[in-house]
Amino acid sequence: MILEVDVLLFVIVIVTAVLALKVRDLLAAVALLAAYSLLVALIFAGAVAVDVALVEAVLGAGVTGVLFIAAILTTSRRADVLDSSRRRWSTLPVLAAFLALMLYASTGLPDKGDPLAPAHQGVGPVYLEQSLEDTETPNVVTALLADYRSQDTLGETLVIVTAALGAALVLRAREQEELG
Amino acid sequence: MAEFFADRYVYFFVLALLSIGLYGMFAMRNLAKKLVGMTIFTTAIYLFFIEGSVKDDATAPIITPAYGVDATRYVDPLPHLLILTAIVVGVGIVGVGLALLVRIYQAHGTLEENEVVARLSGSPRAGRRGHALDEPAQASSGGGDDGDGEDGA
């Protein structure tokens, strides 16, 4: 992707993220969060991760936004106090330690787009070379999702079922209290 | 310097997003805002993985006759799959988090963390109780149907 466009997108994404945390109206925060997810999907598309961009646009911006709006309309729309100064100052050391650790770790990471990066020497090339022969599916991500790593996908489905059950049970608990 | 920036800028931006998300989770008082911070944090991790899958002069991992099966011409498909799974699981996490949020509001009438903690510890200085006590009564009369509706959807 063109470097300037990518940098511009990242800057807009960071501004949107800061605004989503800053606004007091929670519905506005959710709208900004959806915009943030769509911009992140654009960055994914720029990094030629087309499947991921589509899923992020649908689930990250769409479904997450709808869930947030449903929850906020059921509860309260405004955030009274964003953060106290005492808490802001006590968060600072944690953030500083996190940043230092991450900067230290990032020195060992490969440059962007390096074809010789260790991550590209493992099983990735094998999938790319074999998938057409093994599965007759030109889209390698689909072949991975449904063939090579279908057990991952089964696990993912189990997680979603568990999450739906958990949400249903949490929301049901109140009715039981009322009846009993 | 410019070359260094072109090679590494993704890490700095991802780091900035991770810090913003972490700050949101730690410093925000409102529980919904904490969830917004968590969403920003997870998305930053997605960005890190996807930018790690990029190779120079490579195209999307869909095998075309023009490029054959030369692995250097396609970006790494494995991070794409992992992040696809992570996005779906992330929506599940947000869903459960929001269900807990609705439940906390029904029980305490507020989404402000310090007020919830004060009410749970039975402290007499439980924040602005004046309006906080009116709202749970409203919420329990009207809130039941809404909870069910979200369930079915």
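Does A:Tyr148 count as buried, partly exposed or exposed, and at what relative accessibility? At 30% relative accessibility, A:Tyr148 counts as partly exposed. Good morning, colleagues. Please keep in mind throughout that the model before you is a predicted one.

Across all chains, the count of aromatic pairs comes to 10. In one of them, A:Tyr127 and A:Tyr148 have ring centres 4.9 Å apart and planes at 45°, so the pair is tilted. A:Tyr127 belongs to helix H5 of chain A, residues 124-135, and A:Tyr148 to helix H6 of chain A, residues 140-148, so the pair ties together parts that are 21 residues apart in sequence. A:Tyr127 is buried, its relative accessible area being 10%.

Let us turn to chain B. The ring centres of B:Tyr9 and B:Phe13 are 6.2 Å apart and the planes stand at 75°; the pair is therefore edge-to-face. These residues are four apart in helix H1 of chain B, residues 2-27, and about one helical turn separates them. Both B:Tyr9 and B:Phe13 are buried. Together with A:Phe10 and B:Phe5, B:Tyr9 and B:Phe13 make up one aromatic cluster.

A further ring in chain B has a charged residue as its neighbour. B:Arg73 lies over the face of B:Tyr67, and its distance from the ring centre is 4.1 Å.

Next, helix H3 of chain B. Just after H3(B), B:Gly109 adopts a positive phi of about 70°.

I close with the loop that follows. B:Glu112 sits in the loop between helix H3 (77-108) and helix H4 (113-120) of chain B. The side chain of B:Glu112 does, however, have a polar contact of 3.1 Å with the side chain of B:Asn30.

Thank you for your attention.

Definitions and conventions:
Residues numbered from 1 in each chain as written. Chains lettered and ligands numbered in written order. Predicted model: local features only at pLDDT ≥ 70, side-chain atom pairs only at ≥ 80, totals over all residues. Heavy atoms only, no water. Phe/Tyr/Trp six-rings, centres within 6.5 Å; stacked < 30°, edge-to-face > 60°. Helix = DSSP H or I, 4+ residues; strand = E, 2+ residues; numbered from the N terminus. Buried < 20%, exposed > 50% of the residue type's maximum accessible area, 1.4 Å probe, protein only. Lys NZ or Arg CZ within 6 Å of the ring centre and 35° of its normal. Polar contact = N/O pair within 3.5 Å; in protein donor to acceptor, adjacent residues only side chain to side chain.
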